[in-house]
Amino acid sequence: MDFLKQLYDWVDVRFGVREVVDEKRSGHLLPPNINAWYSLGSVLLVIFCLQIVTGLLLMLYYVPDIDKAFGSVAFIMEEIPLGRLIRLFHAVGSSMMLLVILLHMFSVLFMGSYKAPRELHWLTGFFLLLLAMGISLTGYLLPWNQLSFWATTVATDCVSSIPFVGSDLVELLRGGKQVGFHTLGRFYTLHVGLLPASIVVMIGTHLFLIRRTGVSTPPFGLEDTTNQWQGDKFVCKDHPDGIPFFPNFVLQDLISISLYLACLMMFVFFFPNLFIPSTSYMPANPLVTPSHIKPEWYFLANYQTLKLFPSEIVGLTVQAIAMTFLALLPFIDRGTEKHPLKRPTFTLTAIGCILLWIGLTIWGLYS
Amino acid sequence: MKQLLFAFLLVLSLLSAPPATAAVRPVDVCVTCHGALSARLGMPAKLWKASIHAEHGVSCNACHGGDPMDGANSMSPARGFRGVPIATEIPTICGGCHMGIAKYNAASPHGKALGRGGPTCVTCHGSHGVVKATIDQINRKNCTPCHGFESAWEIRNAMLKTDGMLKAIEDRIIELKNQGILTDTLEKRLFALRNQSHSLFHTLNIDLIRQESAHLQAELEKNNGIGNTGTGLSIGALAVGWALLAALLFYLIKKNID
C-alpha cells in the first residue's frame with residue numbers, strides 16, 4: 001500500500017493528479033435526480049473506442065482490393081485467432097452504436113435537455129448521428145460481398161435523383177459509373193480516415209460544450225420543471241446539492257457499460273446473423289443482381305420513404321426537410337417546459353414520429 | 001494563393017471519376033441467335049440456359065465446335081464447327097472434360113456397345129438441358145429400353161448410402177457457408193469424392209462399386225460433425241454471464257455508496 005501511495009505522490013507532484021481527482025469528487029457535482037439515461041454518452045464513448053480497436057485489428061489483415069477484399073475478410077474470420085470474434089464485434093458493434101445513439105437522442109428529446117443554452121450540444125450530437133451513419137454505410141461495402149455491393153449500388157443511386165448535379169455526385173461517390181475498384185478505395189479512405197477523425201473532433205466538441213455549460217437537470221422529481229436559463233450571460237450550471245461524478249456516477253456508467261457489453265456479446269455469440277445475414281457471405285458479383293436488395297436496418301425507413309413517393313426527388317426532399325427539422329429542433333422549440341407530460345403536444349408528436357420511423361423500418365424490411 | 005489553388009485542383013483531380021473500367025461481358029452469338037428462334041432451333045438454347053453447363057460457362061462450342069464470339073463465322077467448318085455430333089463421337093466429346101468417367105465408360109459394357117446400339121452419355125444425361133447428376137438417374141425409364149433393371153437396381157443400392165452421406169455433408173457445407181465459415185477446402189474435397197463416387201457407376205462393375213463405396217464411406221465418415229460451434233456458444237454464455245455479474249456488482253457498490 002505504501003508503494004502505491006508513494007507512486008501516487010510521485011505522479012501528483014509532477015502532474016497535479018490529486019487536484020483532478022478531488023475536482024471530480026467534490027468539484028464536479030451532478031444533478032441529484034440524475035438518471036441512468038445520462039450514462040448513454042459514456043456507453044457511446046466505450047462503443048466508439050471498441051470500434052476503433054477492433055477496426056485497427058481488422059486493418060492488419062483486410063485488403064481494400066475488389067479481388068482480395070472478400071477473401072481477406074474470410075481469412076480474418078477463419079484463419080486469424082479470434083478473428084471471427086473481432087470481425088463480429090466490429091460489425092455488430094456498428095449497428096449497436098447507431099441503436100445507442102438513437103436511444104441517447106430520444107432521452108435528450110423527452111427530457112428537454114436540448115433546450116437553450118444547449119442547442120449546439122444537440123446539433124453536434126445530430127452531426128455525430130450522421131457521421132455514424134456515414135461510417136456504417138462506408139464500412140458496409142468493405143467486405144465486398146453480394147449484399148454490400150448491391151446495397152451500396154442502390155444507396156449511391158439515390159443521389160442521382162438530385163437535380164442538375166445528381167449524376168456527377170454519383171460518379172464522385174463511386175469514382176466511376178459503377179460501384180467498383182474506385183468506390184472501394186474511396187469508401188475505405190472515408191471509413192478509416194476522414195470519418196473517424198471527424199467523429200473524434202465532433203465528440204471532443206460535444207464534450208467540451210457539456211463541460212462548459214454543465215450537465216442539464218432532468219425534469220423528473222422536481223416541482224419546477226422549466227428551463228431556468230435566462231440567456232443574459234454565460235453560466236456554467238452547477239449543482240451544489242448534487243452527487244459527485246466520481247465514484248457515484250462512474251458506477252452508474254459502469255453498470256450501463258456492463259449491460260451494453262452483455263447485450264453486444266449476446267448478439268455476437270448467439271444471433272450474429274441478425275446483423276450479418278447469410279447473403280453477406282457470398283462474394284460480390286456485379287453480373288448477378290439478387291432478387292431482394294435491402295439496406296441495413298438503420299436505412300430501411302429512408303429506403304421505404306423513397307418507395308412511397310412517385311419520384312425519388314420528392315422522397316429525398318421530404319427526408320431532407322425532416323432531417324433539417326430534427327437538426328434545428330432546439331431553435332424551433334423555444335418553450336421553457338422540459339417535463340414530457342407537461343408538454344403533451346410535443347411528446348405525442350415525438351412519439352408519433354418515432355412510431356412512424358419504426359413502422360417505415362418494419363415496412364421496408366418486409367416490403 | 002497559388003498553393004491553395006494547387007491544393008484545390010489536386011483534391012479535385014483525385015476525386016474526379018476515372019474512365020470506366022467495368023468489364024464488358026462477351027456476347028455468345030449461338031445463345032443470342034438460337035434463343036430468339038422458336039421450336040426445334042430455339043429449344044436447345046432455352047434448355048442450355050438452365051443447365052449445369054451454363055452455370056459453369058461451358059457453351060455450345062464445347063460440343064458443336066465453331067466460334068461463339070464471331071457472328072459471321074460462328075458456324076464455319078474452318079472454325080471447327082461440327083454441327084450435331086454423331087453417336088460414336090459423343091463419349092470422346094464429353095470425355096474431353098469428364099476424363100475419369102470416359103475411361104470407366106470405355107471399358108464398361110456400355111462403352112463396348114458404342115456404335116452397335118449401345119447408349120451414349122446423352123441417353124441418360126440428355127444433351128442440352130444437362131443437370132447435376134444424381135443417383136435418381138439410375139431409373140427404370142433410362143435403363144429398361146435396352147435391358148432389365150435388376151443389375152442397375154443392385155448398383156443403385158450399393159451407391160445409395162454413399163450418396164446419402166455426400167448429400168448430408170453438402171447440406172452441412174451450405175449451413176456453414178451461411179454462418180460465414182470458409183468451406184473452400186471442404187467443397188473441393190467433397191467435389192472430388194462425389195466425382196469418384198459418380199464415376200464409379202460407369203464401370204458397371206458391382207464388386208468394384210461395393211468395394212470402392214466402402215472406402216469412400218470411410219473417408220466421408222471423417223467429415224462428420226464438421227464446424228461444430230458448441231465451444232463458441234459456451235464461451236459466449238460465460239462472457240454474457242460475466243458482463244451481467246459485473247453490472248450487478250457495480251449496482252451493489254453504487255447502492256452502498258448512495
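Predicted model: local features only at pLDDT ≥ 70, side-chain atom pairs only at ≥ 80, totals over all residues.
Let's start with confidence. The predictor gives the complex an ipTM of 0.88 and a pTM of 0.75. Chain B has an average pLDDT of 82, and 85% of the residues score at least 70. One stretch of chain B needs care. Residues 12-25 have a pLDDT below 50. That stretch still has 16 contacts in the model beyond near neighbours in sequence.

Now to the inside. The largest nonpolar core holds 67 residues. A:Val92, A:Val100, A:Leu264 and A:Val268 have the most contacts inside this core. Which helix gives the most to this core? Helix 10 of chain A does, residues 245-270, with 12 residues. Take A:Val100 as an example. Leaving aside neighbours within four places in sequence, A:Val100 is in contact with A:Leu40, A:Val43, A:Leu44 and A:Ile47. There is also a second, separate core, with 8 residues. Among them are A:Val108, A:Leu109, A:Phe110 and A:Tyr114. As background, nonpolar side chains in soluble globular proteins tend to be buried together.

Next, the contact between the chains. Chain A puts in 29 residues, and chain B puts in 27 residues. On the side of chain A that touches chain B, helix 4 (69-78), helix 8 (166-174) and helix 10 each supply at least two residues. Helix 10 gives the most to that side, with 14 residues. By class, the side of chain A that touches chain B has 17 nonpolar, 9 polar and 3 charged residues.

Over to chain B. The domain assignment gives domain 1 (26-84), domain 2 (87-125) and domain 3 (134-226). The centres of domain 1 and domain 2 of chain B, taken over C-alpha atoms, are 22 Å apart.

Look at helix 3 of chain B, residues 39-49. Which residues of this helix are buried? They are B:Pro44, B:Ala45 and B:Trp48. These three cover an arc of only 90 degrees around the axis, so they sit on the same side of helix 3 of chain B. In general, an α-helix has 3.6 residues a turn, so residues three or four places apart point the same way. On the other side of helix 3 of chain B, B:Ala39 and B:Arg40 are exposed. And the cover over the buried residues? It includes helix 2 (29-36) and helix 4 (52-55) of chain B.

Last, some backbone details. Most residues other than glycine have a negative phi, and most peptide bonds are trans. Here are some exceptions.

A:Ala116 and A:Pro117 are joined by a cis peptide bond, with omega about 10 degrees. A:Pro117 is in the loop between helix 5 (83-110) and helix 6 (119-141) of chain A. The bond from A:Phe246 to A:Pro247 is cis too, with omega near 5 degrees. A:Pro247 lies in helix 10 of chain A.

Then positive phi. A:Leu82 has a phi near 65 degrees. A:Leu82 lies in the loop between helix 4 and helix 5 of chain A. Is A:Leu82 buried or exposed? Exposed, because A:Leu82 has 10 other C-beta atoms within 10 Å, and 12 or fewer counts as exposed. B:Leu204 has a phi near 60 degrees. B:Leu204 is in the loop between helix 12 (184-201) and helix 13 (206-221) of chain B. With 18 C-beta neighbours inside 10 Å, B:Leu204 counts as partly exposed.

Note on methods:
Residues numbered from 1 in each chain as written. Chains lettered and ligands numbered in written order. Core = buried A, V, L, I, M, F, W, Y, C linked by C-beta atoms within 7 Å. Buried ≥ 20, exposed ≤ 12 C-beta atoms within 10 Å, placed from the backbone. Helix = DSSP H or I, 4+ residues; strand = E, 2+ residues; numbered from the N terminus. Contact = placed C-beta atoms within 7 Å. Domains from an automatic or database assignment. Nonpolar A, V, L, I, M, F, W, Y, C, P; charged D, E, K, R; others polar. pLDDT = per-residue confidence, 0-100. Arc of directions from axis to C-beta.
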